[in-house]
Amino acid sequence: IGRIARCPTKDHPSSKNGAFFFEKEWGWVQDHANHTEIQLWKDGKERTPEEQAVMKKRIEASRLHHAKERANNQIKAAQKARQIMSECELSTHAYLDAHGMPDERGNVYRQNEDSFPLLIIPMFYSGAVCGVQCISIENEKKFLYGQRTNGAEFILGRELTHFWCEGYCTG
């Protein structure tokens with residue numbers, strides 16, 4: 001109660017692509033693949049206009065608090081993404097090889113000497129790095145905690161014609 005919880009969704013049962021918040025009298029849910037905004041829920045209790053005003057004020061205070069927290073997380077994720085990108089080497093990667101591109105090179109990052117290499121796909125929002133997608137040698141894909149993904153993009157090449165695609169290797 002009183003905190004945002006991440007959860008699987010029907011479309012993405014093995015990831016935490018959904019979120020919910022519950023505050024006894026009200027709450028919200030969001031499936032990040034299908035909703036750009038939260039879906040607000042209120043209990044069915046009848047309230048006086050004064051009680052409704054108090055609830056509205058609590059909902060707005062919570063919304064502002066979580067928006068500030070989300071903005072701070074996005075700033076931290078963008079900083080971490082820039083740091084990761086600065087430590088990448090242009091190299092081949094098992095993910096590219098598995099997708100029929102054994103000679104292609106991408107941004108490859110290792111957290112330390114003993115870690116497996118990650119293929120790093122930078123994500124941009126309004127022309128600035130907002131995060132990265134990290135792809136393991138087993139094709140596991142993860143984003144940085146708190147990063148902005150809605151509206152983010154990665155552009156291959158410099159041509160004026162744009163094609164939208166779901167994945168890096170597809171592009």
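I'll start with S115, which is found in the loop between β6 (106-109) and β7 (118-125). Helices (H or I, at least four residues) and strands (E, at least two) are DSSP runs, numbered from the N terminus. This is a predicted model, in which local features need pLDDT of at least 70 and side-chain atom pairs count only at pLDDT 80 or more, while totals for chains, interfaces and linings use all residues. Residues are numbered from 1 along each chain as its sequence is written, and side-chain values use heavy atoms, with hydrogens and water left out.

Back to S115. Is this residue buried or exposed? S115 is buried, with a relative accessible area of 13%. Buried means under 20% relative accessible area, exposed means over 50%, and partly exposed is in between (1.4 Å probe, protein chains only). The side chain of S115 reaches the backbone nitrogen of Q111 at 3.1 Å.

Next, the sheet. Five strands form an open sheet in the order β5-β6-β7-β8-β9, with antiparallel pairing. At the edges are β5 (89-91) and β9 (141-143), each pairing on one side only. From one strand to the next, the twist averages 45°. For that angle, axes are lines fitted to C-alpha atoms, for helices over the stretch in contact, and angles run from 0 to 180 degrees between N-to-C directions. Two strands pair if DSSP finds at least two bridges between them. β5 and β6 have three bridges, in the antiparallel sense. On that pairing, E89 stands opposite V108 in β6. As a reminder, strands of a sheet pair through backbone hydrogen bonds, either parallel or antiparallel.

Now the charged side chains. How many salt bridges does a search of the whole structure find? The search finds five. The criterion is a side-chain nitrogen of Lys or Arg within 4 Å of a carboxyl oxygen of Asp or Glu.

One of them joins R58 and E25, at 2.9 Å from N to O. This pair links distant parts of the chain: R58 is in helix α1 (residues 49-86), E25 is in the loop between β2 and β3 (26-31), and they are 33 residues apart. R58 counts as partly exposed because its relative accessibility is 35%. E25 is also partly exposed, at 24%.

Another salt bridge joins R47 and D43, again with 2.9 Å from N to O. Here R47 is buried, with a relative accessible area of 15%, whereas D43 is partly exposed at 23%. E25, D43, R47 and R58 are linked in a network of salt bridges.

A further salt bridge is formed by R63 and E60, whose closest N and O atoms are 2.6 Å apart. The two residues are three apart in helix α1, so about one helical turn separates them. R63 is partly exposed at 46% relative accessible area, and E60 is partly exposed at 34%.

Last, the surface. Which residues form a nonpolar patch there? They are I1, F20, F22, V29 and W41, with about 500 Å² of accessible area together. Patches are made of residues with over 30% relative accessible area and no salt bridge; like charges are joined within 9 Å, and nonpolar side chains (Val, Leu, Ile, Met, Phe, Trp, Tyr) within 5 Å. Accessible areas come from the Shrake-Rupley method with a 1.4 Å probe, and for residues only the protein chains shown count as cover. F22 is partly exposed, with a relative accessible area of 35%.

Key
A polar contact is a pair of N or O atoms within 3.5 Å; within protein, one must be able to donate a hydrogen and the other to accept it, and residues adjacent in sequence count only if both atoms are side-chain atoms.
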